[in-house]
Amino acid sequence: MSVRMERNSNSEHKGIFISVLFMLFISLGLMLCANSTQAAEDKEELLMATTTSTDNTGLLDYLMPAFTAQTGIDIRWTATGTGKALKLGENCDVDVLLVHAPQAEIDFVKKGFGKDRRQIMYNDFVLIGPPGDPASIQGKKVRQAMKALRSSNSIFVSRGDNSGTNKKEKTLWQLAGVPIPEKETWYRQSGQGMLATINVAAELNGYTLADRGTYIKYESVAAGKPVLFILVEGDDVLLNQYSIITINPKHCTNVKYDMAQTLSAWMANNEAQKLIEEFKLLGKQLFTPNADQE
Amino acid sequence: MDFIQEGFIQAIKLLVNRDPSTYSAISATLRSSTLAMAASLLLGIPMGYILGYFDFRLKKHIRIIVNTLLSLPTVFIGLVIYALLTRNGPFGEAGLLFTIPGIAIGQTILSLPIVIALTATAVEGADRNLRITLMSLGANRKQIAASTLWEVRLGILAAAVTATGRVLTEVGISLMIGGNIKWHTRTITTAIALETSKGEFGMGIALGLVLLLIALTINVSLVGLRRRI
């Protein structure tokens, strides 16, 4: 102790310690300044909330650079379930939404949170499950398939996050005339995004409802060795419509409504629609464009 | 199991090929955690010092509160900060949601109790005889306080290292406040969460190794600093 006492009475060391600390803070301060000026110089930016399927599949990474190149608008997006995306819009945290829950979207616009809603593209939902198909739903109509799932006690993994897919799944249980499961031991709510939920279902050897785009992405990640297969598809109720909604500037004065409009119009134009059509994984098309041409 | 091996190879590839999205995530991680650590050290060291050095009423109570805050869950911090930063919230005008400084605010709240608690413990643990010895040598109160601070410098360094580790590795705040926006607020940890949920385990492992490498670099340079002082 006494030895160190002598050392620390040496003010030279103290000086070094303090100046190192001082330099640390100065450099941090400089970083901060550099940071904020950089932010100020940023291009115009537009913030979008979107569903996990458009992001997980890579569609936005593929599509948005073309939008930025043509309009100079720097677009950023946060991928979450449609339920939370709508909430972010309602709270004025984003400028525009790309989501897929038509009924909830119409209500959103009715309540005055959203201004214009434009259909952009669709794909379809598919029921996927393990190869043995223990609930024998393969080839059934979707209503019968849901009933069979309900009575078979095979594991079904639900998004459970109020996303567009989750809303659709609840509708399907209702259409089949069975109560929506909640605490049943075979019913597992993952609370995660679409691709994550497919992976949970694969681990549990269970069934789940997925949009075709994300399923193809899953096939491509699994590199030709997918654990789950499409068992039920091609019913009208399985249509999955994606729409873009601008946030109402009357509800949120801070939103960049003009830029949001630009994006909405761009997504519907011929070129973007063609890009969507050409977006493929494993040679399969993920989304079918269907915007109304103006 | 293949993906662990694959992850190692991929980690090296990402770093060597200067993969832009990886470097963007590294940059986001470093910027938010540097801001957070600067703020929490600036605020936390003086607070912890006062808490450990002086005797005052309610000292024990404050100590209990600080220690409790060590258990703050990151998702809860994320939620509270979201409520404050959302456009309709009290600080909505600042436009900090989905930005790096927004993440840094949350991380500061995460690391502040660590810095305060560990600094206070270091100060309390400083040799009691030190004060008496200094007094007998005729030091005034200012000199005693300064010497105590000097004496506990390694304790403070340990507090900084611990808090840095916590800030670098948290996911909840970055995800909720940052929104995991590619090229902007996607940090290494939120990128790992995303890659894992996509089933791209190799990529997740690679990013985890990159984060560990950063931690190693920081700690090696701190060892250097420790030798000098």
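pLDDT is the predictor's confidence in each residue, on a scale from 0 to 100. Two residues are in contact if their C-beta atoms, placed from the backbone, lie within 7 Å. The model is predicted: local features need pLDDT of at least 70 and side-chain atom pairs count only at pLDDT 80 or more, while totals for chains, interfaces and linings use all residues. Residues are numbered from 1 along each chain as its sequence is written, and chains are lettered from A and ligands numbered from 1 in the order in which they are written.

Chain A has an average pLDDT of 87, and 85% of its residues score at least 70.

| Stretch of chain A | pLDDT | Contacts beyond four places in sequence |
|---|---|---|
| residues 1-9 | under 50 | 7 contacts |
| residues 36-42 | under 50 | 1 contact |

An automatic or database assignment sets the domain bounds. In chain A these are domain 1 (2-41), domain 2 (45-122 + 241-289) and domain 3 (124-238). The C-alpha centres of domains 2 and 3 of chain A are 25 Å apart. Each of these two domains of chain A puts 17 residues into their contact.

Strands are DSSP runs of E with at least two residues, numbered from the N terminus, and two strands pair if DSSP finds at least two bridges between them. Strand 3 (residues 96-99) of chain A runs parallel to strand 1 (residues 45-50) of chain A, with 3 bridges; A:L97 stands opposite A:A49. Strand 9 (residues 239-247) of chain A is antiparallel to strand 3 of chain A and joined to it by 4 bridges, with A:T246 as the bridge partner of A:V96.
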